[in-house]
Amino acid sequence: MSKKTPQIRFKGFTDDWEEHKLAEFTTSFSGGTPSAGNSSYYKGDIPFIRSGEINSDKTELFLTEDGLKNSSAKMVSVGDILYALYGATSGEVGISQINGAINQAILAIRPIHGYSSHFIMQWLRLQKQKIIDKYLQGGQGNLSGSIVKNLILNVPNFEEQQKIGSFFKQLDDTIALHQRKLDLLKEQKKGYLQKMFPKNGAKVPELRFAGFADDWEERKLGEISKTTIGEFVIKTKQSDKSPYPVYNGGRSYTGKYDEYNNDGPKIVISARGANAGFVNYVSGRYWAGNSCYSVSVTKEDEFSIGYLYQFIKYNQVLFTAYQQAANIPSVSKSDVEKFSIKYPTVLEQKKIESFFKQLDATIALHQRKLDLLKEQKKGFLQKMFVS
């Protein structure tokens, strides 16, 4: 196989790809920003696209005709390639979904006849990390139009470009569809959580299962559960091949361990650091590190651990009143124990637990599908372009 051909190709294509600078077959330009002090330049009808909006079909700001004329802002059209040059979004790339104006943080790229925008855009996505590592040393910073225009890529004939561009567009559309489904499920769960737990001062929630009418009660978590701090994690005992997850102050487990010091189901609450107060539910055996608390129910005939998890998770923002220990956010054991729990009968608790357990499983399934699609795309990008 020639180094000028990719590993995977569509049938009927055998010619070597040709090497070119991006500037040889594209035109490009950046925009500008109208004076923020002139109110007559804003709140018009022209979408003003900023670097964080290059993959969006809407914008937060709009310009007037005067704003466009009296600034370096320039118009782009649907189908133009938009490349982010500045700051945290450096290296991001997309195809414009709207006609609008761009600022100086975006480079608009238009291929000449015989070259595909979608092919070029996907190649730029594939090269993002290499470009950042080379020109920004992996940190935040600014790229320039000249850097992008001088990038060298290998290009096949137009028909093959179109096939590759169309393939990845369909894959991107599928990924976007799954992302929308996932976002919708998360929003639905958020709505259910808001309606299935009582609001401040209320004795009952807005939405209940049929057959339940009694007022909910309220108690401190420490009255109905046992809270323990974890133990120090010995790094040499951690291995990807070990059977037990380690929870130690993160948003999820942070590794695998040869031993366990807790057996679920239990609620795990991060004790300190950036994720202090973050809540996890662990059903099996695990190692609790010394930066997290494990919470178990002491009155199982009155309280469902799964229900308590959903209630605490929904209200975990209450833990944001962190104690400051050497400027490190932290949650104390007493903070956990005095956490106020609103609850119905154990039968209603279990109904709520089951409902959210099924919803969480559906969300997790869609997340796995989305992650798999993204991994598949990553693999195809690596094998369908000449690096």
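**View A. Helix α6 passes helix α8 in a left-handed crossing.** Welcome to the first close-up of this predicted model. Here α6 covers residues 305-314 and α8 covers residues 346-384. Their axes come within 8 Å and cross at roughly 65 degrees. Angles of 65 to 115 degrees count as roughly perpendicular, so α6 and α8 are roughly perpendicular to each other. To find the contact, look for Gly306, Tyr307 and Gln310 on α6. Their partners on α8 are Gln349, Ile352, Glu353, Phe356, Lys357 and Asp360. Sorted by class, this contact of α6 with α8 has three nonpolar, three polar and three charged residues.

**View B. Helices α4 and α8 pack at an angle of about 160 degrees.** In this view we stay with α8 and bring in another partner, α4. The axes of α4 and α8 lie 10 Å apart. Angles over 145 degrees count as roughly antiparallel, and α4 and α8 are therefore roughly antiparallel to each other. Their crossing is left-handed. The contact of α4 with α8 has 20 nonpolar, six polar and eight charged residues.

**View C. Helix α2 and helix α8 cross at roughly 105 degrees.** The helix α2 spans residues 117-135, and its axis and that of α8 come within 10 Å. That angle makes α2 roughly perpendicular to α8. On the α2 side, the residues in contact are Gln122, Arg125 and Leu126. On the α8 side, they are Lys377, Leu381 and Gln382. By class, the contact of α2 with α8 has two nonpolar, two polar and two charged residues.

**View D. Helix α4 can be followed from end to end, residues 158-196.** With 39 residues at 1.5 Å a residue, α4 should span 57 Å. The C-alpha atoms at its ends are 56 Å apart, which agrees with that expectation. At the start of α4, look for Asn157: one of its side-chain oxygens reaches to within 3.2 Å of the backbone nitrogen of Glu159.

**View E. The peptide bond from Gly264 to Pro265 is cis.** For the bond from Gly264 to Pro265, omega is near 5 degrees. You will find Pro265 in the loop between strand β15 (262-263) and strand β16 (266-270).

**View F. Lys43 has a positive phi.** Most residues other than glycine have a negative phi. Lys43 is not a glycine, yet its phi is about 65 degrees. To locate Lys43, go to strand β3, which covers residues 42-49.

Notes:
Residues are numbered from 1 along each chain as its sequence is written. This is a predicted model: local features need pLDDT of at least 70, side-chain atom pairs count only at pLDDT 80 or more; totals for chains, interfaces and linings use all residues. Side-chain values use heavy atoms; hydrogens and water are left out. Axes are lines fitted to C-alpha atoms, for helices over the stretch in contact, and angles run from 0 to 180 degrees between N-to-C directions. Helices (H or I, at least four residues) and strands (E, at least two) are DSSP runs, numbered from the N terminus. Angles under 35 degrees count as roughly parallel, over 145 as roughly antiparallel, 65 to 115 as roughly perpendicular and the rest as oblique. A crossing is left-handed if the near helix is turned anticlockwise from the far one by less than a right angle, and right-handed if clockwise. Contact means heavy atoms within 4.5 Å. Ala, Val, Leu, Ile, Met, Phe, Trp, Tyr, Cys and Pro count as nonpolar, Asp, Glu, Lys and Arg as charged, and the others, Gly among them, as polar. The expected span of a helix is 1.5 Å times one less than its number of residues. A polar contact is a pair of N or O atoms within 3.5 Å; within protein, one must be able to donate a hydrogen and the other to accept it, and residues adjacent in sequence count only if both atoms are side-chain atoms.
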